[in-house]
Amino acid sequence: DAIAVDEWFPLLREVMDAHRRGTRHNIHLAEDGLLHAGDGASQLTWMDAKIGDWAVTPRVGKPVEINALWYSALRTVEGLARRAGDGATEAACAADAERARESFIARFVNAAHGGLYDVVDSPDGDDATVRPNQILAAGLHHRMLPNDAERDVVDLVRRRLLTPAGLRSLAPNHPAYCSVYEGSPAERDASYHQGPVWGWLWGPYFTALGNAYGRDAEYRATLVAALSALFSERDIRGIGGIAEIYDGRAPHAARGCPWQAWSVAEVLRVAWEEGLLERR
């Protein structure tokens, strides 16, 4: 607790202020309280593949997961400010968080088709492409959506993106969908976030599922079955591990890094938080 208040809080406060002031690549806090990021051919989110001057998934505008994380960060720093006795920072973060929550619900909820927009206010308008980024809006500790909207997100992601290996990076009915990650370096980069399954998304998916529907016996059984199958069926070269990505189509062959730290870390995180690992 002392470390969080004395060491982390001043640094986090500066991070929040830097976003409010604005920084490189047109990263700034818009008037509606949502974060805008990107310009030209920049690729600033985790979907960062770039071939020469071509950003495969630029996502310029207000990306859904960035704004979900912004809200969670505001609430986290608000709490730290309260413990540190910094009333001005606490009030500023609380006000920004409430403004972000109202704008997020108004702008991102896709009432016509369910779930959330992937990016709003992009150069081409609001992007309703079905990607897994929206799962973070239901999979964080501090969240903005009402429960029915969280269930819509989980249901859409489960219906369109879920595989035995994790979540696809793009819905199969999209014209740009690539079911197999293969070919030259340029061909692989072009498909990197256009269909392959990413192992790290297991973590936010199961956290979101529990947040939306509750953590009852059925939830626990589903989690245990999925993670048991993941480690047994996705065994890499005789050593249990989780790869960076898998093909979007069955049999979901492992690709990329064979033992990816963030894939393993997110699975361990959700297993720990849901009580599946022994605590010592």
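**Note on the predicted model**

1. Start with Asn133. In this predicted model, Asn133 sits in the loop that links β7 (125-127) to α4 (147-160). Is Asn133 buried or exposed? Its relative accessible area is 2%. The cut-off for buried is under 20%, so Asn133 counts as buried.

2. Next, the surroundings of Asn133. Leaving aside residues up to four places away in sequence, Asn133 touches Trp46, Met47, Arg59, Val64, Glu65 and Asp118. With Asp118 there is also a polar contact, side chain to side chain, at 2.8 Å. Val64 lies 69 residues from Asn133 along the chain, yet their C-alpha atoms are separated by 6.6 Å.

3. The nonpolar core. The largest one holds 66 residues. Which members touch the most others? They are Phe104, Leu116, Ile135, Tyr205 and Phe206. Helix α2 (residues 64-84) supplies the largest share of this core, with eight residues.

4. Helix α1 (residues 2-21). This helix has 20 residues. From first C-alpha to last, α1 reaches 28 Å, close to the 28 Å expected at 1.5 Å a residue. Even so, α1 carries a kink of about 45° at Trp8. Just past the end of α1, Gly22 adopts a positive phi of about 95°.

5. Packing of α1. Which residues of α1 are buried? Ala4, Val5, Phe9 and Met16 are. These buried residues pack against α2 and α3 (87-108).

6. The open sheet. Five strands form it, in the order β8-β9-β10-β11-β12. How do they pair, parallel or antiparallel? The pairing is antiparallel. At the edges are β8 (162-163) and β12 (254-255), each of which pairs on one side only.

7. Strand β8 is joined to β9 (residues 166-168) by two bridges, and the two strands run antiparallel.

Methods
Residues are numbered from 1 along each chain as its sequence is written. This is a predicted model: local features need pLDDT of at least 70, side-chain atom pairs count only at pLDDT 80 or more; totals for chains, interfaces and linings use all residues. Side-chain values use heavy atoms; hydrogens and water are left out. A nonpolar core is a set of buried Ala, Val, Leu, Ile, Met, Phe, Trp, Tyr and Cys residues joined through side-chain atoms within 4.5 Å. Buried means under 20% relative accessible area, exposed over 50%, partly exposed in between (1.4 Å probe, protein chains only). Helices (H or I, at least four residues) and strands (E, at least two) are DSSP runs, numbered from the N terminus. The expected span of a helix is 1.5 Å times one less than its number of residues. The bend at a residue is the angle between axes fitted to the seven residues ending there and the seven starting there. Contact means heavy atoms within 4.5 Å. A polar contact is a pair of N or O atoms within 3.5 Å; within protein, one must be able to donate a hydrogen and the other to accept it, and residues adjacent in sequence count only if both atoms are side-chain atoms. Two strands pair if DSSP finds at least two bridges between them.
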